[in-house]
Amino acid sequence: MTISIRLTEDEENRLDSLARRTGRSKSFYVKTALHEYLTDLEDAYAADAAIDVFEAEGRRSRPLSALEAEIDT
């Protein structure tokens with residue numbers, strides 16, 4: 001699939017410079033950045049959904065220090 005995006009002049013210059021310095025394509029860096037961003041975003045949404053389920057079940061969280069104190073006892 002081909003898409004087009006608008007970059008600022010600074011973004012384009014930085015991407016061009018990086019591609020030239022490393023010998024990799026601009027597409028490589030755009031795809032890599034998109035992959036990492038999507039992975040992080042998917043993880044964030046999954047965490048939000050898990051918290052929603054946790055709270056819907058009436059469960060409550062507690063500070064790590066309380067759990068550590070419980071384990072040390």
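So, how many salt bridges does a search of the whole structure find? Four. I'll come back to those, but keep in mind as we go that this is a predicted model.

Let me start with the two helices, H1 and H2. H1 covers 9-22, and H2 takes in residues 26-56. How do they sit against each other? They pack at an angle of about 115 degrees, and their axes are 9 Å apart. That makes H1 roughly perpendicular to H2. If you like handedness, H1 passes H2 in a right-handed crossing.

Okay, back to the salt bridges. One of them joins the side chains of Lys 26 and Asp 16, at 3.0 Å from N to O. Why do I like this pair? Lys 26 belongs to helix H2 and Asp 16 to helix H1, so the contact ties together parts that are ten residues apart in sequence. Now, buried or exposed, what do we get for Asp 16? Buried: its relative accessibility is 18%, and the cut-off for that label is under 20%. Lys 26, on the other hand, is partly exposed, with a relative accessible area of 39%.

Arg 59 and Glu 57 meet through their side chains, with an N to O distance of 3.5 Å. Arg 59 counts as partly exposed, at 47% relative accessibility. Then there's Glu 70 with Arg 62, another side-chain salt bridge, this time at 3.4 Å from N to O. Glu 70 comes out as partly exposed too, with 47% relative accessibility.

Next, a walk along H2, using some C-alpha to C-alpha distances. Phe 28 lies in this helix, and it's partly exposed, with a relative accessible area of 29%. Where does Asp 52 sit relative to Phe 28? The two are 24 residues apart in sequence, and in space their C-alphas are 36 Å apart.

Pair Ala 50 with Leu 38 and you get twelve residues of sequence and 18 Å of space, C-alpha to C-alpha.

And then Ala 56, also in H2. Buried or exposed? Exposed, with a relative accessible area of 68%. From Ala 56 to Thr 39 there are 17 residues in sequence, and the C-alpha to C-alpha distance is 26 Å.

Last stop is the surface. There's a nonpolar patch of about 570 Å², and the residues making it are Met 1, Ile 3, Ile 5, Leu 7 and Val 30. Take Ile 3 out of that group: it's in the segment before helix H1. Ile 3 counts as exposed, since its relative accessibility is 59% and that label needs over 50%.

So, quick recap before we go to discussion. Two helices, H1 and H2, pack at about 115 degrees. A salt bridge between Lys 26 and Asp 16 links H2 with H1. And there's a nonpolar surface patch that includes Ile 3 and Val 30.

Definitions and conventions. Residues are numbered from 1 along each chain as its sequence is written. This is a predicted model: local features need pLDDT of at least 70, side-chain atom pairs count only at pLDDT 80 or more; totals for chains, interfaces and linings use all residues. Side-chain values use heavy atoms; hydrogens and water are left out. Patches are made of residues with over 30% relative accessible area and no salt bridge: like charges are joined within 9 Å, nonpolar side chains (Val, Leu, Ile, Met, Phe, Trp, Tyr) within 5 Å. Accessible areas come from the Shrake-Rupley method with a 1.4 Å probe; for residues, only the protein chains shown count as cover. Helices (H or I, at least four residues) and strands (E, at least two) are DSSP runs, numbered from the N terminus. Buried means under 20% relative accessible area, exposed over 50%, partly exposed in between (1.4 Å probe, protein chains only). Axes are lines fitted to C-alpha atoms, for helices over the stretch in contact, and angles run from 0 to 180 degrees between N-to-C directions. Angles under 35 degrees count as roughly parallel, over 145 as roughly antiparallel, 65 to 115 as roughly perpendicular and the rest as oblique. A crossing is left-handed if the near helix is turned anticlockwise from the far one by less than a right angle, and right-handed if clockwise.
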